[in-house]
Amino acid sequence: MTAKPHNLEIVSTRNKNKIAVTVYRYDTWDGPTPVIVMAHGIGAIKAGGLSPFADVFNSAGYAAVTFDYIGFGASEGNPRNLLYVRDQLQDYRDVIAWVRGAEQRSWVDPRNIVAWGTSFGGMHVSALMAEDHELKAGILQCPLVDGLAGSLQIPLITSLQLTAVAIMDAIGALFGAREPRYIDLTSDGSTPAIMASPEVIEGWARVAPENGETWPNVITGRSLFSIMAARPLLSIHKSTAPLLVVLPTWDHEASLDAAEECVRRAPLGEGLRVAGGHFDLYKGGPSFDANVKGQLEFLKRVLS
């Protein structure tokens, strides 16, 4: 049985735009439960790829909360698909603060809130773990935890092409251009994109919206500068709660070396190795079952 998702909106503290939130929990549950607050990857939206994980968490007795960053998906905000790491991190803080609020105490156990991030969402969870010591635990799934290391994985020619667009977009924004210049998130390798290979096209389909919602599959060019400068790996030693890092066998989309280093640096870090690549951990991928099995075992150990 799948829990019926409940859609609502909360107000952003940084610009008063509305953040779209979805709560997954069974209506038949009586009383508060642990809550997994889930952040998606780069350019992705909550309508795609997260509900299978939320269903798994529900089946184990945990509520799950997903959200769209301001400017993405069902959330308000313009320009669309503008990614500043600091702003997305604040959106995440706002959602966690809402979950912790007194109004949610009928269904939330505030002592057992877990931050969960997949791919680029791992950037935000690793930052939160270093600053928010009231979190019970964190889970990073095939994460990007070092923007510089991730940027260096992009082939040089592609990197130069993307950087040119980023510079033009930044200049346009400085002089009041009406529309941003966008860069593609994915391609089959025949055109420049942040993630470019036939493997990416197959894997990206696993995080496509299940409800038919359209998404542009782009971010603004100037977003690249914010990504490259974000390196929460360097602060993960400040974390104090258990942290599970799910590591694929290889990863062409996020720096696997940086993710492994995150396990070593986090005082209570542990790695879960699963077979396959970055997108094989999602529903429809060969490692989904092993991935969620390991996550549930971790949650059973750390949640009181």
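Predicted model: local features only at pLDDT ≥ 70, side-chain atom pairs only at ≥ 80, totals over all residues.
A search of the whole structure finds eleven aromatic pairs. One of them joins Phe-57 and Trp-116. The centres of these two rings are 6.4 Å apart, and their planes stand at 80 degrees, so the pair is edge-to-face; the cut-off for that label is an angle over 60 degrees. Phe-57 and Trp-116 come from distant parts of the chain, 59 residues apart. Phe-57 belongs to helix 1, which covers residues 51-59, while Trp-116 belongs to strand 5, which covers residues 108-118.

Are these two residues buried or exposed? A residue counts as buried when its relative accessible area is under 20%. Phe-57 has a relative accessibility of 1%, so Phe-57 is buried. Trp-116 has a relative accessibility of 0%, so Trp-116 is buried too.

Another aromatic pair is formed by Phe-279 and Tyr-282. Here the distance from centre to centre is 6.1 Å and the angle between the planes is 35 degrees, which makes the pair tilted. Phe-279 is buried, because its relative accessible area is 4%. Tyr-282 is buried as well, because its relative accessible area is 2%.

Which residues do ring pairs link into a cluster? The cluster consists of Phe-53, Phe-57, Trp-116, Trp-204, Trp-215, Phe-279, Tyr-282 and Phe-288. Both pairs described above therefore have their residues in this cluster.

A ring can also have a charge over it. The charged end of Arg-86 sits over the ring of Tyr-84, at 5.1 Å from the centre of that ring.

Note on methods. Residues numbered from 1 in each chain as written. Heavy atoms only, no water. Phe/Tyr/Trp six-rings, centres within 6.5 Å; stacked < 30°, edge-to-face > 60°. Helix = DSSP H or I, 4+ residues; strand = E, 2+ residues; numbered from the N terminus. Buried < 20%, exposed > 50% of the residue type's maximum accessible area, 1.4 Å probe, protein only. Lys NZ or Arg CZ within 6 Å of the ring centre and 35° of its normal.
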